[in-house]
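Have a look at the sequence and the fold, then read on.

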Amino acid sequence: MSIYVFKPRRKVNGRVQVSSKYSGSYCLPWMKTKSTVALKTTDKTIAEKRLKEFVRVRELEHEHLPVPSHLWGAPSRSITDLLDDYEKSIRSKGNKPKHVHDTVKRINTISKAIGWKSIEDINAVGYERWRSSAPTNERTGIPLSVKTTNEYLVSLRAFLNWLREIGVLEKNPLEFVKKGETRGNETKKRREWTLEELITFLENGMPPRRADYRLAVWVLRWTGLRKNELSSMRWGDVFVDCDSPYLIIRSTVSKNRKEERVPLMDKVATKLREIRPEHFDGKDSVLTFTIPGSEQLRADLTRCGIEYGNEFGDLDFHALRYTFGHWLATNGVSLPVIQSILRHSDPSTTARHYMNVAKLSQNADIARLFMGENDTPYCTPDTFVGSQPVSQPDENQGTDNRLQSLEDKLDRLTQALSGALGQNTVNGCSGWDRTSDQVINSHLLYR
């Protein structure tokens, strides 16, 4: 095999003229004669590099191997063609249709917005310019949040990593692009459901002309499950006849694609036993109704006189998971245990979103630590006896009794609520056994 670069010469009107740009000559083992290629550069070093890359492309094509797009002379591959192959690849791996659709749509959207047509056009500078230009949603015109632009970056990186795996790219051009900072830039905030709001909804939240889904709200509140996990739950995933009841979240449903075990409280296990049919198949769905979207929940909350969103956040279905995490924290459960129950891979996610610091002040341990044995929580220095401030009477002495009264009312409502399912009704409603809401049963934690 012989390769070399040269400047072509030719005679014009009897005079020899030398081209300012280099060409290359090569003869590969399977070739009978030499071939030449215009290298389109006046620099000899660049010309030699291009010729070597061009020869490498010819060798890979001869062996029917993938040709990396960074090589000079490689065939230009359009993003559209490669994206079709990528869509088939991720679909064949069992990804959910929505995930496949969203991934392809993000890559198409950003490619069109920046003007990328082929793989060699993709670069970090183009992405950074797009992100700093305050991009907006094509349909609504609303500026994209930092979280959304991060999702675009994740989809692009996954696509480029796949291209590297199949040999089209040598490296990911967006590998070192950092994600945007989401803390302080959230557009979607959630707040904890108060006990009064939960009671009001369970009492008055039956939607007109729709299936009654209040039972799902109650289960989400006391299990911390995600909405799709509860919707996909089958009776074969429920184990409530053992000493330590639990659920299995299948890998096809779990967010991290791993099979996970979720412990259950006694009252949740009791309710699941009551609504379980006498004769059931393991593949039968636990819920006999469809949990609606957040817009339907918003309408039903408004009808009950409950504010769906305010300056502190929204009361959507996922906020019930937040509420469960806050409740665990205020009852003295440690961060690692809450992380395990909520199935988070990163403890910072649990601490940042699922442990309301203000609510932790209600914890009895913190109260004992921050108050002396003979002090009341409220002390007004304006009142003195001699030179010493005197603690004023605690105006909130009835708070515990009020909470107990609210919890008793919640139990009565949940008892009546199950009558909507027509399961084991007694005097119009089925029995819901109460367990203590102030402590966590020992079987609630992973063994």
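A residue is called buried when its relative accessible area is under 20%, exposed when over 50%, and partly exposed in between (1.4 Å probe, protein chains only). By that rule, Trp-193 and Phe-201 are both buried.

Before going further, please keep in mind that this is a predicted model, in which local features need pLDDT of at least 70 and side-chain atom pairs count only at pLDDT 80 or more, while totals for chains, interfaces and linings use all residues. Residues are numbered from 1 along each chain as its sequence is written, and side-chain values use heavy atoms, with hydrogens and water left out.

**Aromatic rings**

Rings of Phe, Tyr and Trp (its six-membered ring) pair if their centres lie within 6.5 Å; planes under 30 degrees apart count as stacked, over 60 as edge-to-face and the rest as tilted. The structure holds 14 aromatic pairs, including the two in this table.

| Pair | Centre distance | Plane angle | Class |
|---|---|---|---|
| Trp-193 and Phe-201 | 6.0 Å | 75° | edge-to-face |
| Trp-222 and Trp-327 | 5.2 Å | 90° | edge-to-face |

Trp-222 sits in helix α7 (residues 214-223) and Trp-327 in helix α11 (residues 317-330), so their pairing ties together parts that are 105 residues apart in sequence. Helices (H or I, at least four residues) and strands (E, at least two) are DSSP runs, numbered from the N terminus. Trp-222 and Trp-327 are both buried. Trp-193 and Phe-201 also belong to one aromatic cluster with Tyr-213 and Phe-317.

A charge sits over a ring if NZ of Lys or CZ of Arg is within 6 Å of the ring centre and within 35 degrees of the ring normal. Arg-221 lies over the face of Trp-222, 3.8 Å from the ring centre, and Arg-58 lies over that of Phe-54 at 4.4 Å.

**Backbone**

Most residues other than glycine have a negative phi. Lys-40, however, has a positive phi of about 55°; this residue lies in the loop between β5 (35-38) and α1 (44-62) and is exposed at 61% relative accessibility. Arg-343 has a positive phi near 65°, and is found in the loop between α12 (335-342) and α13 (347-353). Arg-343 is buried, at 8% relative accessibility.

**Cysteines**

How many disulfides does a search of the whole structure find? The search finds zero, counting a disulfide as a pair of cysteine sulfur atoms within 2.5 Å. Cys-304 is buried at 14%, whereas Cys-242 is partly exposed at 34%.
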